[in-house]
Amino acid sequence: VVGIDLDLNKLNKARRKITKNLVFLHGDATRLPMAPGLYDVVVISFALHDVPYSIGLGFLKEARRVLKDKGLVYIVEHENPSDNLIARLFFWIALLFETPNHKIFFRNTLEDYFQETGFEFLNKTQLALGAVRLVTAVKSN
């Protein structure tokens, strides 16, 4: 398991919290230092809403590059505020703390990201009373 983040503070926090022997790298998720086709799974957790759409596409293009054929990408992200009341309330509260990209993030869907980067949507599970979603997609040929 390899964790990558551009924010050194978040990496150091993860290193302090995790007791298992995991690798944490300081790096840019749009330029991963891994060989193509190396991983079975890539997880992107609460990152897409913090960056412009073009950078989010870069995350997924790199995820696709390092995944094996039929590899999976799991995305944990805020639920679209139009999907339910809890997500809408969470969205308005999050605007107080999140980057300006958070509001813009919902102009596109995760399916838009997948279509542009060669992933096929598999399923979505709502978490945290519907305020968070776990979306699974597979690397398509």
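What is the length of the polar contact that joins the side chains of Glu 79 and Lys 124? In this predicted model, in which local features need pLDDT of at least 70, side-chain atom pairs count only at pLDDT 80 or more, and totals for chains, interfaces and linings use all residues, the contact spans 3.0 Å. Residues are numbered from 1 along each chain as its sequence is written, and side-chain values use heavy atoms, with hydrogens and water left out.

A second polar contact, of 2.9 Å, links the side chain of Glu 79 to that of Gln 126; the term denotes a pair of N or O atoms within 3.5 Å, of which, within protein, one must be able to donate a hydrogen and the other to accept it, residues adjacent in sequence counting only if both atoms are side-chain atoms. Glu 79 is placed in the loop between strand E4 (67-78) and helix H3 (85-94), where helices (H or I, at least four residues) and strands (E, at least two) are DSSP runs numbered from the N terminus. With a relative accessible area of 1%, Glu 79 is buried, given that buried means under 20% relative accessible area, exposed over 50% and partly exposed in between (1.4 Å probe, protein chains only). When residues up to four places away in sequence are not counted, the residues touched by Glu 79 include Asn 84, Phe 106, Gly 130 and Arg 133, contact being defined as heavy atoms within 4.5 Å.

Strands E5 (119-127) and E6 (132-139) pair in the antiparallel sense over eight bridges, pairing requiring that DSSP finds at least two bridges between two strands. Phe 119 has Lys 139 in E6 as its bridge partner. The two strands form a hairpin with four residues between them, and in the turn Ala 128 has a positive phi of about 50°. Ala 128 is partly exposed, at a relative accessible area of 49%, and its C-alpha atom is separated by 9.7 Å from that of His 78, 50 residues apart along the chain. Leu 129, located in the loop between E5 and E6, has a phi near 60°, a positive value in a residue other than glycine, and is exposed, with a relative accessible area of 75%.

A positive phi, near 50°, is also found at Phe 46, which is placed in the loop between E3 and H2 and is partly exposed at a relative accessible area of 32%. Glu 62, within helix H2, counts as buried at 11% relative accessibility. Apart from neighbours within four places in sequence, Glu 62 is in contact with Ala 29, Thr 30, Arg 31 and Leu 32.

The largest pocket holds about 1200 Å³ of space and is lined by 34 residues, of which Gly 3, Ile 4, Asp 5, Val 43 and Ser 45 lie nearest its centre. On a 1 Å grid over the protein atoms alone, a pocket is an open set of points where a 1.4 Å probe fits, with protein on both sides within 12 Å along at least five of seven lines, and lining residues have an atom within 4 Å of a point. Strand E3 gives the most to this lining, with six residues, while strand E1 (2-5), helix H1 (8-17), strand E2 (23-26) and helix H2 (53-66) are among the elements that each supply at least two. The lining divides into 24 nonpolar, three polar and seven charged residues, with Ala, Val, Leu, Ile, Met, Phe, Trp, Tyr, Cys and Pro counted as nonpolar, Asp, Glu, Lys and Arg as charged, and the others, Gly among them, as polar.

Key: Points joined across faces, edges and corners; volume = space filled by probe spheres on them.
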